[in-house]
Amino acid sequence: MQSVPQQLQRSGSPRRKLHAYVDEAGVRSHSKASSDHFVMSAVIVDDESKQAAAEFLAQLRSDLRRRPGDPLHWQNFNAHTDRLHAAQSLGRQEWATISSVVVCKRHLGGSSQLNEDQAYLYTLRFLLERLSWYARDSSAVLTYTLAHIVRMQLAKLREYEANLRVGPDCRIHWPALNPKGGRIDQPKRVELLQAADLAASATFAAFNPDKFGNVEPRYLEELSPRLYRRGCSPLVSYGLKMHPWNGSTKAAYPWVAAL
């Protein structure tokens, strides 16, 4: 029996258009001095909901005493109340679906030897798998835009995408992704990348200790209603991919199972 997406595709019905806006938080490197975690988050928006998303960002700027058009950047929110309000507000947006990958670097084995570019792309692979599954299940085609990555050229992204297409272990459902590949742009030009910054930074704060050793899981708890959940499958398989997810990390982050 054919799946609904297959039936729609063969019947010639137009497919929904989705866009994923992707940003990261933390340091890509695996040095002893780098952050303990690296987070990559995508905020998925239906094309028909882009206006609602833009209105959300405009309202959040007003709430946080920013001028119209000012970029929203989590690092510039100095007050806990402002950060909490940003996370709560994004968590209430029904147009948004969030999928994140959390790399727990101190729990990694051999892959900790990857350089910064390799670590970024390896994390992106996990995220693209989940974005493609979401688009497939939504009978949609998804385009993704990455926030500007230091020292990462578009040619390198294209080379990696090509390698993933022939990789034996890659689980990306390519028919659900735009065949032109991903884009790289600036949050000042593509303002919905600012929503991805909020999602990635809020998630990062839940895992990575600040200078006093404190974490703030409440930010992520406020985002929880928007996390990608697929039926009864574990959240850590879809909306919050933990890497690695083994006995060590399950013991270190027991609260994740309650999200």
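**Helices H4 and H5.** Which residues in H4 meet which residues in H5? I found Asp117, Leu121, Tyr122, Leu124 and Arg125 in H4 meeting Lys156, Leu157, Tyr160 and Leu164 in H5; contact means heavy atoms within 4.5 Å.

Before going on, I noted that this is a predicted model, where local features need pLDDT of at least 70, side-chain atom pairs count only at pLDDT 80 or more, and totals for chains, interfaces and linings use all residues. Residues are numbered from 1 along each chain as its sequence is written, and side-chain values use heavy atoms, with hydrogens and water left out.

Helices (H or I, at least four residues) and strands (E, at least two) are DSSP runs, numbered from the N terminus. H4 packs against H5 (residues 154-166) at about 50°, with the axes 11 Å apart. Axes are lines fitted to C-alpha atoms, for helices over the stretch in contact, and angles run from 0 to 180 degrees between N-to-C directions. That angle makes H4 oblique to H5 (under 35 degrees is roughly parallel, over 145 roughly antiparallel, 65 to 115 roughly perpendicular, the rest oblique).

**Helices H2 and H3.** Next I looked at H2 (residues 50-63) and H3 (residues 80-91), which pack at about 155° with axes 11 Å apart. That makes H2 roughly antiparallel to H3. Here Phe56, Leu60 and Asp63 in H2 meet His85, Ala86, Ser89 and Leu90 in H3. I sorted the residues of this contact into four nonpolar, two polar and one charged (Ala, Val, Leu, Ile, Met, Phe, Trp, Tyr, Cys and Pro count as nonpolar, Asp, Glu, Lys and Arg as charged, and the others, Gly among them, as polar).

**The cavity.** On a 1 Å grid over the protein atoms alone, a cavity is a set of points where a 1.4 Å probe fits but cannot get out, a pocket is an open set with protein on both sides within 12 Å along at least five of seven lines, and lining residues have an atom within 4 Å of a point. The largest cavity holds about 80 Å³, a volume being the space filled by probe spheres set on the points, which are joined across faces, edges and corners. Helix H4 (residues 116-137) gives the largest share of its lining, three residues.

Last, I noted about 850 Å³ in the largest pocket. Of its 32 lining residues, Ala25, Gly26, Gln75, Ser201 and Phe204 are the closest to its centre.
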